[in-house]
Each structure stands twice: as structure tokens, then as C-alpha cells.
Amino acid sequence: MRRFLEVTGFLLSVFGVCGVVRELTDGWFPFMGVTRLLTERVWFPEGREVFANIVIAALGLVLMIVSERVEKSGGC
């Protein structure tokens with residue numbers, strides 16, 4: 001469980017930062033277009049794509065912090 005949270009948090013952080021860079025450069029930096037699926041295909045973040053990507057990156061950081069507090073799952 002701990003490793004899953006770490007990997008998921010890291011990926012969300014990377015996707016969020018890449019999304020912010022892509023939005024601030026006006027699409028000039030199309031690397032990691034995964035966040036485009038999250039921000040452009042849904043109706044409610046219209047006009048707030050930068051904020052949505054910041055929230056995605058922050059959620060990734062929170063998951064990485066939480067993963068540190070989860071006990072290592074050993075055997076039984």
C-alpha cells in the first residue's frame with residue numbers, strides 16, 4: 001500500500017507540474033498531455049486550468065506525505 005501511494009503521488013505531482021507548465025506556455029510545451037484529459041474534457045474547470053493543475057500537483061504531494069505515515073505492510 002505504501003509503495004502504491006508513493007508512486008501515485010509522484011505521478012500526480014509530475015502530471016500537475018507538467019500541466020501548469022503547459023498552460024503557462026500556452027500549449028507550447030505539450031509534454032505529458034495527461035492532464036489535458038482531466039482539465040479540458042470536463043466542463044467545470046473551464047478557464048481555471050492552471051488552478052486545476054496546481055490542485056493535481058498538491059494532491060500528489062499530499063499522497064506522498066501520507067505514504068510516509070502508512071506503516072510498512074510486512075507479513076501478517
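**Helix packing and salt bridges**

Reply: Start with two helix axes: those of helix α1 (residues 2-24) and helix α3 (residues 49-69) come within 7 Å and cross at roughly 160°. Keep in mind that this is a predicted model.

Me: Are α1 and α3 roughly parallel or roughly antiparallel?

Reply: The general idea is to compare the crossing angle with a cut-off: over 145 degrees counts as roughly antiparallel. The axes of α1 and α3 cross at roughly 160°, so α1 is roughly antiparallel to α3.

Me: Which hand does the crossing of α1 and α3 have?

Reply: The crossing in which α1 passes α3 is left-handed.

Me: What kinds of residues make up the contact of α1 with α3?

Reply: In that contact, 15 residues are nonpolar, eight are polar and five are charged.

Me: How many helices and strands does the chain have?

Reply: The chain has three helices and zero strands. Read from the N terminus, the order of elements is α-α-α.

Me: How much of the chain is buried?

Reply: Of the 76 residues in the chain, 28% are buried.

Me: What share of the contacts in the chain with a separation of 6 or more comes from residues 24 or more positions apart?

Reply: Such residues account for 60% of those contacts. For a distance between two residues that lie well along the chain from one another, take R3 and M64: they are 61 residues apart along the chain, and their C-alpha atoms are separated by 9.5 Å.

Me: Now the charged side chains. How many salt bridges does the structure hold?

Reply: The general idea is that side chains of opposite charge can pair when their charged atoms come close. This structure holds four salt bridges.

Me: Which residue pairs with R2 in a salt bridge?

Reply: The side chain of R2 meets that of E6, with 3.8 Å from N to O. R2 and E6 are four residues apart in helix α1, so about one helical turn separates them. R2 is partly exposed, at 21% relative accessibility, and E6 is also partly exposed, with a relative accessible area of 22%.

Me: Where does R3 sit, and which residue does the side chain of R3 meet?

Reply: R3 is in helix α1, and its side chain forms a salt bridge with that of E6 at 3.3 Å, N to O. E6 and R3 are three residues apart in helix α1, which means that about one helical turn separates them.

Me: Is R3 buried or exposed?

Reply: The cut-off for exposed is over 50% relative accessible area. R3 has 60%, so R3 is exposed.

Me: What about R22: which residue forms a salt bridge with R22?

Reply: R22 forms a salt bridge with E23, and their closest N and O atoms are 3.1 Å apart. R22 is buried, with 2% relative accessibility, whereas E23 is partly exposed, with a relative accessible area of 21%.

Definitions and conventions. Residues numbered from 1 in each chain as written. Predicted model: local features only at pLDDT ≥ 70, side-chain atom pairs only at ≥ 80, totals over all residues. Heavy atoms only, no water. Axes fitted to C-alpha atoms, helices over the stretch in contact; angles between N-to-C directions. Parallel < 35°, antiparallel > 145°, perpendicular 65-115°, else oblique. Left-handed = near helix turned anticlockwise from the far one by under 90°. Nonpolar A, V, L, I, M, F, W, Y, C, P; charged D, E, K, R; others polar. Buried < 20%, exposed > 50% of the residue type's maximum accessible area, 1.4 Å probe, protein only. Contact = heavy atoms within 4.5 Å.
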